[in-house]
Amino acid sequence: MIRDRRVTLRCICEDLHQDWVSPQDRSEAIKLRIAVSELVEGRCKPSTVAPFLRKIPRLNTLGHPLIRAFDDQFSGNDDVATLRESISSVADRAWWKQKFSSRWRGAATIVLPADPKGIETAWLGAAGYRRAGSPEDFYAWFSRECASGSDKFLPAEEDISLLDVDLRIARLDAWKAQLHLSVLVLLANCLDEEAAGPLIVLSPKPNTATETEPLAEVSLTTTTVEEEGEVVRELIVEIVPLKHTKLTERAIATTLAAIEPDTHSWTTAPLNASAMSHSVLTTEEMYQRAFNARESGSSDPHELPGVLRVGTIAHYTAATSVTQATIEGAAVEAMCGHWFVPMHDHDQLDICGGCSDARNRLPEE
Amino acid sequence: MTTVIPSTVPKNDLQKLEKLATSFPDGALRVALDTIHNDLARGETVFVLADDEAVTPSRAAQILGLSRTHLYKVLDSGALEWHPVGARDRRILVKDLLAYRELMRGARRRTATVFAGGTAADDEALDEMI
């Protein structure tokens, strides 16, 4: 049985105040909680919370020994052999004792999914020190706090909001991985047949029952071209956006990244309406990845879907505003005609051949 | 059509051109000469073409930096106007070519921004998910 494990933000930030193996996990979690509280109040969007979430491991793998013990205990891998002791003094729902060494004690409960096809989630809702015989002992305190019900230890609105952001990230990542593979298979077909598509790119599967919608159409063609006396094969990617959204932009980036992650290799030319064409010279490596993907039905795990390599080559640019562009992340035109967003640390890079040629054409000093 | 490659222009001539340009009052001719001077000084090849002059698809592809096949995709899509010459040939008016070149620069600028988007752009896409 598969079971998700999560820890409430309240438990992480308030109860687990000591003994962190990686203390930065807790300080990042505290910042995350502030961002989530703004999301709950409608003062920001999931995109504001996501960067905080990316800075820490999944909540069930944070660096605290009690969280680690809880994660192991409720993994669902071996439920039959796992002995669980309930907290008998709390009667409104089943809370399970979670222990680590003679010091930490916690309370965990299992929440069933609202959707019958979903998976259940174990939540670590509270934690504290064991102090046998003392009224300050965790279980004594927990029982007193739950005298009129244990709802307050259930996941709160902040935890549900965070879960939603978490699921969005997971769905986006899965969508990118799927698109990456589909494009590689399309590419393999195109390399065989000289043309392939259109591939209809659908939006990520929604959480609700609504339908996915088409975001873009991708078609591929190849042609032979002569480049400096050598016959090479060029691939032209035509993309027709059907919706103008950030997701469509991510679909375009993921499509091109699957074929050739090096942005410097692409030449863009607009077609009618908002359609766009991008050409690239094929490489041996491109053939390999495409045919491997089609044969195995999966892409190389070392390939990162949707990750484009920018700044692999240094360009010359006449743009006087390059410093400003670096700060704002705006694109500038290089002497070779390539557009790029300038970055720091270009000293180590090779200089673009097209730009060098253009520079050599400058009038004599 | 006349093509001027910057490296073939002596610096002395370029200075003469600049002086000549400043000797004209403000107006189209002054702007034209200034443009030629500035482009050459930046190392850009200058093509002098009449507005109603037409070029072959090969020439257009060269000016735009595209392969011929890629250019034909553009022509077929209707993004760049052309007219037939004889049974099979096509010609492109210079003014249309230049207008398309601006369109292409804009598209490349936007594409570069999408390319550089990375994780932050992924995060923004999260807001659109339901």
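What share of the contacts in chain A with a separation of 6 or more comes from residues 24 or more positions apart? They account for 59%, where a contact means C-beta atoms, placed from the backbone, within 7 Å. This is a predicted model, so local features need pLDDT of at least 70 and side-chain atom pairs count only at pLDDT 80 or more, while totals for chains, interfaces and linings use all residues. Residues are numbered from 1 along each chain as its sequence is written, and chains are lettered from A and ligands numbered from 1 in the order in which they are written.

**Chain A overall**
- Chain A has 10 helices and 13 strands, taken as DSSP runs numbered from the N terminus (helices H or I, at least four residues; strands E, at least two).
- Its C-alpha atoms fill a box of roughly 90 × 50 × 35 Å along the principal axes.
- Of its 365 residues, 35% are buried, meaning 20 or more other C-beta atoms, placed from the backbone, within 10 Å of a residue's own.

**Where B meets A**
- On chain B, 44 residues touch 57 residues of chain A.
- Helices H1 (11-22), H2 (28-41), H4 (68-77), H5 (94-115) and H6 (118-126) of chain B each give two or more residues to that side.
- H5(B) gives the most, with 11 residues.

**Helix H3 of chain B**
- In H3 (residues 57-64), the buried residues are Ala60(B), Ala61(B), Ile63(B) and Leu64(B).
- Their cover includes H4 and H5 of chain B, among other elements.
- Just after H3(B), Gly65(B) has a positive phi of about 75 degrees.

Definitions and conventions:
Contact = placed C-beta atoms within 7 Å. Buried ≥ 20, exposed ≤ 12 C-beta atoms within 10 Å, placed from the backbone.
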